[in-house]
Amino acid sequence: MRIGKARAHTNIALIKYWGKANNQLKLPQNSSLSMTLDAFYTDTNFQLLEQSTTTESSFSLNNVVQEPASSRRVFDYIETLQDRYRLPHDKFKIQTTNHVPTSAGLASSSSAFAALAQAFVAAYQLDVDKQELSRLARLGSGSATRSIYGGFVEWQKGTDDQDSIAMPIDEQPTIDLCLLAVEINFASKGISSTAGMQQVVNTSPYYGVWRTEAERGVIQMKQAIKANDFTAIGTLAERSALAMHALNFTANPPFTYLEPETIHAIKLVEQLRIQGIECYFTIDAGPNVKILCQLRNVKEITERFKEELGNVNIIKASFGPGVINLD
Ligand code: ADP
Ligand code: DP6
Ligand code: CO
């Protein structure tokens, strides 16, 4: 019985990826930069079934066997990987658990496809290095490219399958930086990341500006990280998130992931800053807000958010590790 088991942590982009240049290879329009988180992760078992079996391939998520429609993306992905290594289309059983809300803008696809890529290569005993693993993860979900590494990670957009890969910037950062995930709504979003970014690339007249600014953002963010400059990191991250959400309003038809409580949270971050409690926000493709802050302010920020937003659930995260083989 060949089985691979892996754990991967989610990562939150500080400079966002928002648009593909190639849908099949998931090559991005711009480079991006993230922090891998310790609090959110996916555990995945990938088991190859015996050739003689009459059992069909299956995909179960959080102990629930998924219907064909919800399994399509994962099944297609496994076939893509099998074709890449000229393997037969063996049947398989995937069992995966998300220790992160699924499809809620907390980057479940980043940990999901990084874990699945690692479990796949382990089951087939393929000898791949981290760079190849980050290519494989990218073929599942763009953001998963970066979850191969821990700490601060850059995804260099590259030009083709070979060079569009993640590069670790600092796998064990010592900077005083943590993230508070504020639960606005952990339900599945209406528009997947894949669909949202596609709509923007196809229709926003501002897309060219986004690309240039994102590339500049990555360069500036790397400088900020090198200088251990929390203020610059937070400011740049906030700018990237705002630009991404502004871009969504400029698509045709326009759309947004923001909810009234999201704006409330943004305002509160601004207010706290004016009051001398330094913090910044970032928001992915969902309504939930992630606050970047320093350890000494966690308690006060948490209290203020609970006061103002009606005892919301807040989860604290720090830097997490890269993908882990579980056997
Ligand atoms: P998120 O904000 O959570 O990353 P996305 O829209 O990017 O949302 O991706 C959600 C999709 O990722 C799901 O519809 C599913 O196809 C896939 N996914 C999430 N978790 C898993 C998992 N553990 N294993 C395989 N695929 C997963
Ligand atoms: C806003 O990686 O989820 O989180 O490549 O289509 O699977 P696909 O999209 P995904 O998009 C992530 C978008 C983002 C920003 C980021 O993680 O860089
Ligand atoms: Co995603």
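I count a residue as near a molecule or strand if its C-beta atom, placed from the backbone, lies within 6 Å of it. With that rule I looked up ligand 2 and found 15 residues around it, of which Ala-13, Ser-141, Gly-142, Ser-143 and Thr-194 come nearest. I then sorted the shell around ligand 2 into 5 nonpolar, 7 polar and 3 charged residues, with Ala, Val, Leu, Ile, Met, Phe, Trp, Tyr, Cys and Pro counted as nonpolar, Asp, Glu, Lys and Arg as charged, and the others, Gly among them, as polar.

I note that this is a predicted model, in which local features need pLDDT of at least 70 and side-chain atom pairs count only at pLDDT 80 or more, while totals for chains, interfaces and linings use all residues. Residues are numbered from 1 along each chain as its sequence is written, and chains are lettered from A and ligands numbered from 1 in the order in which they are written.

Next I turned to a sheet, taking helices (H or I, at least four residues) and strands (E, at least two) as DSSP runs numbered from the N terminus, and calling two strands paired if DSSP finds at least two bridges between them. I found an open sheet of 4 strands in the order β11-β12-β10-β13, with antiparallel pairing. β11 (279–283) and β13 (314–317) are at the edges with a single partner strand each, so one side of each is left without a neighbour in the sheet. From one strand to the next the twist averages 25 degrees, where axes are lines fitted to C-alpha atoms, for helices over the stretch in contact, and angles run from 0 to 180 degrees between N-to-C directions.

I followed the pairings one by one. β11 is joined to β12 (residues 289–293) by 5 bridges, and Cys-279 stands opposite Cys-293 in β12. β10 is joined to β12 by 5 bridges, with Val-289 as the bridge partner of Val-182, and to β13 by 4 bridges, with Ile-315 as the partner of Ala-181.
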